[in-house]
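I set down here what I looked up in this structure, entry by entry.

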Protein chains: 4
Amino acid sequence: MARQAATLSPRHSRGDGCDASASVGRLAATRDLTLRLAAPLSAEDMGAQAMDDASPTKWHLAHTSWFFETFVLTEFLEGYEPFDDTFGYCFNSYYESLGARQPRPKRGLLTRPSLQRVLAYRRHVDLALERLVFRGVRAGGALARLLELGVHHEQQHQELMLTDILALFAANPLRPSYRPSRSRPREAPVEAMRWIDFPGGLCRIGAEDGAFAFDNETPRHDALIHPFRLADRPVANAEWLEFVADGGYRTPSLWLSDGWTTVDRQGWRAPLYWERRDGDWLEMTLEGPQPLLPDAPVAHVSFYEADAFARWAGKRLPTEFEWEVAAARAPVGGNLLSTDALRPLPAADTWGGRPRQMFGDVWEWTASAYLPYPGYRQPQGALGEYNGKFMADQHVLRGGSCVTPAGHMRASYRNFFYAHQRWQFTGLRLAAEID
Amino acid sequence: MARQAATLSPRHSRGDGCDASASVGRLAATRDLTLRLAAPLSAEDMGAQAMDDASPTKWHLAHTSWFFETFVLTEFLEGYEPFDDTFGYCFNSYYESLGARQPRPKRGLLTRPSLQRVLAYRRHVDLALERLVFRGVRAGGALARLLELGVHHEQQHQELMLTDILALFAANPLRPSYRPSRSRPREAPVEAMRWIDFPGGLCRIGAEDGAFAFDNETPRHDALIHPFRLADRPVANAEWLEFVADGGYRTPSLWLSDGWTTVDRQGWRAPLYWERRDGDWLEMTLEGPQPLLPDAPVAHVSFYEADAFARWAGKRLPTEFEWEVAAARAPVGGNLLSTDALRPLPAADTWGGRPRQMFGDVWEWTASAYLPYPGYRQPQGALGEYNGKFMADQHVLRGGSCVTPAGHMRASYRNFFYAHQRWQFTGLRLAAEID
Amino acid sequence: MARQAATLSPRHSRGDGCDASASVGRLAATRDLTLRLAAPLSAEDMGAQAMDDASPTKWHLAHTSWFFETFVLTEFLEGYEPFDDTFGYCFNSYYESLGARQPRPKRGLLTRPSLQRVLAYRRHVDLALERLVFRGVRAGGALARLLELGVHHEQQHQELMLTDILALFAANPLRPSYRPSRSRPREAPVEAMRWIDFPGGLCRIGAEDGAFAFDNETPRHDALIHPFRLADRPVANAEWLEFVADGGYRTPSLWLSDGWTTVDRQGWRAPLYWERRDGDWLEMTLEGPQPLLPDAPVAHVSFYEADAFARWAGKRLPTEFEWEVAAARAPVGGNLLSTDALRPLPAADTWGGRPRQMFGDVWEWTASAYLPYPGYRQPQGALGEYNGKFMADQHVLRGGSCVTPAGHMRASYRNFFYAHQRWQFTGLRLAAEID
Amino acid sequence: MARQAATLSPRHSRGDGCDASASVGRLAATRDLTLRLAAPLSAEDMGAQAMDDASPTKWHLAHTSWFFETFVLTEFLEGYEPFDDTFGYCFNSYYESLGARQPRPKRGLLTRPSLQRVLAYRRHVDLALERLVFRGVRAGGALARLLELGVHHEQQHQELMLTDILALFAANPLRPSYRPSRSRPREAPVEAMRWIDFPGGLCRIGAEDGAFAFDNETPRHDALIHPFRLADRPVANAEWLEFVADGGYRTPSLWLSDGWTTVDRQGWRAPLYWERRDGDWLEMTLEGPQPLLPDAPVAHVSFYEADAFARWAGKRLPTEFEWEVAAARAPVGGNLLSTDALRPLPAADTWGGRPRQMFGDVWEWTASAYLPYPGYRQPQGALGEYNGKFMADQHVLRGGSCVTPAGHMRASYRNFFYAHQRWQFTGLRLAAEID
């Protein structure tokens, strides 16, 4: 697809010097990566739905194609013929304005269309995207922005594919591996947590102009940040083990009221994928059950657990603004999907006076509710349902995880989940007041 | 496998002259039929679970092999090595005495073991069965009886495989077909229902000695039957349409109390697989959506619906004993799986003064609760869980359906489901008092 | 009201020589007893609903009056004015043909109409009944039968009032008493269970002509009873303690499949009202928590528990026909409501070669499903909903309990509850085959 | 109690000049008001629990006394004997650190202790409080603060008592009135909504030192407020009628995702207490069903509905900080409980360039999640459970309602409920950006 690169509207050039050919290359690479992530899986693996919150891999493959078909091809590619009229019903996720859809908890029943047909759908859409990009010179910035949105949308589903597969394999009594186990990361003693002070003040929050961002990161605005202190790294498994050993899961005073109710009803006693075998703690990973890494960030904890841990530790979670301020000057890098570790790891770099592991490893629960920024406006039309309609009762997470595609991340990125959800790579970093 | 036939214990010979070689032939044929029934399905189709009551085809393939492995091979074949230690957990259905198992509603998550591996499991078990049967001459009647039980058990799962696949495809918005549609059965006007009088009296009920039967058909015993009248055929779709048109689903006085609650909560307005399109009624079948056959027996109705229909018609359902008495001298034949119609059809034979379609087409709900016969004793051990532990709160159905293997059926056969269940080929035949 | 007695239709005379004046006396006495049973309760006690299956006392007081108003007064008393037009909605129990009604689980919200107004309603209905009975000579048998039905209906609610109050007080942390504790019944060693053989044969089952009976006891018909053996008394608390100690509640092989699921989900470990305090077992009674009487019949067990106990004991439950045959010649007496013990007691009489405690103490779960008798016809109109519409998925109990009004009981009486229900005084008696 | 006033520690004097005698007077008056609010109710009314979220009046009477007993008397009054050892279990609301308690949904089952005994409990506690206050001179500020907390706690329950009674009476088919209907408020045309601009900037938010405030209003801190526009009054019933007529409840694009799911499942079509009769809209009130007042603020809408309305109107909800800034200089007054209207009314004052009805009438849903303020510290001990443990997944409401006690309200006051809850007097005021 690279040769059509030049056809992308120059109006889509971005302030940071990235040009259209890079965009088109990213489109092709993203579509390709999705397939490569699915490659280790059988058709059977790709069809099953681990639970109501998760989706089958095959559904992700189709839905990401449907997204391009619906929002891009039908709109911009003259003469485009939808691949199959029934796919709108099958693969619409939640867009009310686009009509009825397969109920979410029943996505695993879609054994038809077959995987083969879904792959043909992908090819159909990819070819049409190629044609479109070739003609795209006439479409202008709106098209380019939608294509970029499609790329970022697909990256979100790449992460979901991996976490949904992990959920599926963790529910399987054979505890299968997504891939063979690789060499074990070195085990080092857990370094003591260090604290970094931030003066706060009036800070600019939200996406900068020019680069791609989701609507929920806008508008960029001033926020008043009070002085705060942030841990240099996320909470590690070894620290979580202390919390467990200290009765953390049995002490109601450590928990939010709804959190305690959830612990009690669900019988939580440890993070989601921890299993005790013969006195040792294992953790179910994409490489199957593995010994817990004491110095790696804890993952698969809910907001309720993160909040309880912070209270137990005498600290608190940072707000999303504090996090963003601290991350602002950090380079976007670390243990993301491109590292191919597929699990959280101890910090690779040495202490240099700045927060580490801000990006990658684990999404970090913040103290902030997922709400619109001052002056936020929901886009018109179906895409207005993308982020805006979820702005209640969820919690912001920041920083990406070990299965977040690298190009997907940035300091202003806002992820959001319900307080009880645990199947993502979700962990935490502590914050505190400056005394 | 046919050549080992002679090795089956002669003590297992049956009164009807069928000999051991026939038994062994049936074993091989049964195992083979299961695979042939699965043949039109993809690995994806075989992995999905339509709902909690249903199971994936792959699970049926494995469970029926596990049954032979657990109850036959481990017991009788010296040196037999179980294929895989984890399969007991995966493929035990409900035998508490055999340990923990994959929760029933999560059978669809077992993307591993793969279909390929399950097929290897089947081959492994089949080969061991061959070896066993070759040596079987020394094992005597107990083995022969268990082998025969295994055959009948597998036949039950053959029927379930087809009804579970129908449930899966009916939940799919594409409404796929299990096989291409064949020539349409001739459409004839519905013949008026005829009534046959039975004098009743003290009748022998239950399985006769000699032939195979499940424990729940025993012991054979006397029962007092009051004079009754039975319809010559099951209720037809055309008659059900009248019930619908007459407000049957909106008239509480026609319904049992729990039935009305269910109608109200589930929003039932017609049998399970009926769909109205452009003013016409279609029925989802194994050949996809098809026009309703007016003169074919209605299928996929619950006990509650059957009971309400009978009340609407001023009749009642027969007891299981009345049904058995009426069926006693009828030859076991009709539209069973061997006919390969895969859907209920109008009666093929002409009226000859006797009830027609007693076997095949649809299971007929009776007025009888599923309870033990006088003097019933549950077998010892795990097999005691086969039928006995379900003897409460279910309803007896008789006669088999269009997807029941032919050799599986007999007049004394007792099937049982809960009053609200509809995904089997379940219909009804009316009965009445003699005035 | 006694002086109007002679006006009751002589056609209602019964074979046992009881005449109309007795009927009228019973009507007055029954209405009066209801009030006396409520007397120990405060308005607060009478308003609360212990759970969905139970009703507030006040509701019982009003519903039994509504029953007379709706089925008797409106029909037979010229110029009768319903007390309050809104009461039909408030106090209709489940008669679909009489229109919408207060949802059953929300009966406890009816703080209005007040108790005072409900008592006025009772007086209004009682006065009208008096007038009616005075004029009743012209109404004939239909009226007399309805009045008698109303009496028996009210007696059913007398029992429910007491069991619902027990449920309410058992859910109260103060464990209040309905009345002060009386002298403790003597404690005697549990007599060994004795067995009585019955030859069976063709037996007449169901209500005899002449005496009052509910429709579900008709028609009287022949049934074939196989020879059986019946215990001379119900299972005692001491025996149930052995079952508990032997792991009865932790052994799946003893249970029906649905029973085990229920034990597991509900965490059952003993009968409903047993409580362990300081190593001793207490039982919540209408006199508050009391030490368990080892030799009294066990009460407040579900059908599932009764069935599991019988299996544990190597016996079975009797069918309702076996029970009825055994009870046929026993006098209707024993520890019924008239005894005023309000809890099951050890047998008062000595062993005389016949079953004891057939009536009173505890309702005895039978092995029989609650189904219509051969030739049963549901009455026309709203009263057809009285018994017929519950004839599925429930289990028959026989014999009455320590809170059943004496005149209410007879050998052919069929009570029915769901297999999981435990708040009635429900126990069991063992049966067995004759070897 | 007034004569003991002088004994309250002078250290508790507050900046606004209110002295200890006022505090003590308020204690007595508050305890007295609770009883007066309950006076129109029967013992039956006081015992029933409308739904899981509500509590019986009797429980409120007892719980508010338990609060003083537990946190004040046991701590500060030497020799104080708790009234009844079982009351801790019965009347603890949610304090985990104080032990087990009656499950919340079962508070309506507490027919014992009787109302009479609960009233005796109140007198016992009141007398002890009198003794304590008499000796209080030595107790100092901690006691005074706890007494004041108790007063404010009781005021919260006064409001809940009235809303819970309304819920109870609205669930009653007779739709009873808490009190007779008074003269109908004049009906005036709805004045057009006016908009007031606020410049924002760095503003002080939270409770000022000196006056009583809950912990969740602290610490007072700076917040950055962007310029905004606020409506001069809450949204009126007439405007809500337009929203209904315009299909507001049937248009998914107006709703948050969780809101639409709720609308769909609950079948919402109007505010909680609206009823359509013969083409007219009535509203269930504490005076029974009343014609809707077009110009009164809409009440009993959920956050989801408030948010959807704002979107429909092209506006948004204000943040809690915007609201507080706008309310800061407004006198705390309006249609509060002291007005004794017991329902929202049109604005009494004329337009004067400032927001009206900021206090009273209806609680106003804000766009803000209920979260801790920067630097918030949960108090030690059981009282730490008072507000802190609810700081997730709830939404802030401001301003008080027509049933909020007057002395209870202030500009910094933060109320909080879940997004779906509607039984409080909850409405909304619109906000918007300044273009």
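**Entry 1: chain A as a whole**

I began with burial: of the 435 residues in chain A, 59% are buried (under 20% relative accessible area with a 1.4 Å probe, protein chains only; exposed is over 50%, and partly exposed lies in between). I note that this is a predicted model, in which local features need pLDDT of at least 70 and side-chain atom pairs count only at pLDDT 80 or more, while totals for chains, interfaces and linings use all residues. Residues are numbered from 1 along each chain as its sequence is written, chains are lettered from A and ligands numbered from 1 in the order in which they are written, and side-chain values use heavy atoms, with hydrogens and water left out.

I counted ten helices and twelve strands in chain A (DSSP runs numbered from the N terminus: H or I of at least four residues for helices, E of at least two for strands). The radius of gyration is 22 Å, close to the 22 Å from the globule rule for 435 residues, so chain A is as compact as a globular protein of that length (the radius is taken over C-alpha atoms; the rule is 2.2 Å times the number of residues to the power 0.38). Along the principal axes, the C-alpha atoms of chain A fill a box of roughly 65 × 50 × 40 Å.

I then looked at contacts (heavy atoms within 4.5 Å). In chain A, among those between residues at least 6 apart in sequence, 80% join residues at least 24 apart.

**Entry 2: helix α7 of chain C**

Which residues of α7 (237-245) in chain C are buried? I found Asn237(C), Glu239(C), Trp240(C), Phe243(C) and Val244(C). They lie on the same side of α7(C), because they cover an arc of only 155° around the axis (the arc of the directions from the helix axis to the C-beta atoms). The buried residues of α7(C) pack against β5 (274-277), β6 (280-285) and α9 (303-312) of chain C. Just after α7(C), I recorded a positive phi of about 80° at Gly247(C).

**Entry 3: Arg377 of chain D**

I located Arg377(D) in the loop between β8 (363-369) and β9 (395-398) of chain D. Arg377(D) is exposed, at a relative accessible area of 63%. Val325(D) is 52 residues from Arg377(D) along the chain, and their C-alpha atoms are separated by 23 Å.

**Entry 4: chain pairs without contact**

I found no contact between chain A and chain C, whose closest C-alpha atoms lie 13 Å apart. Chain B and chain D likewise have no contact, with their closest C-alpha atoms 13 Å apart.
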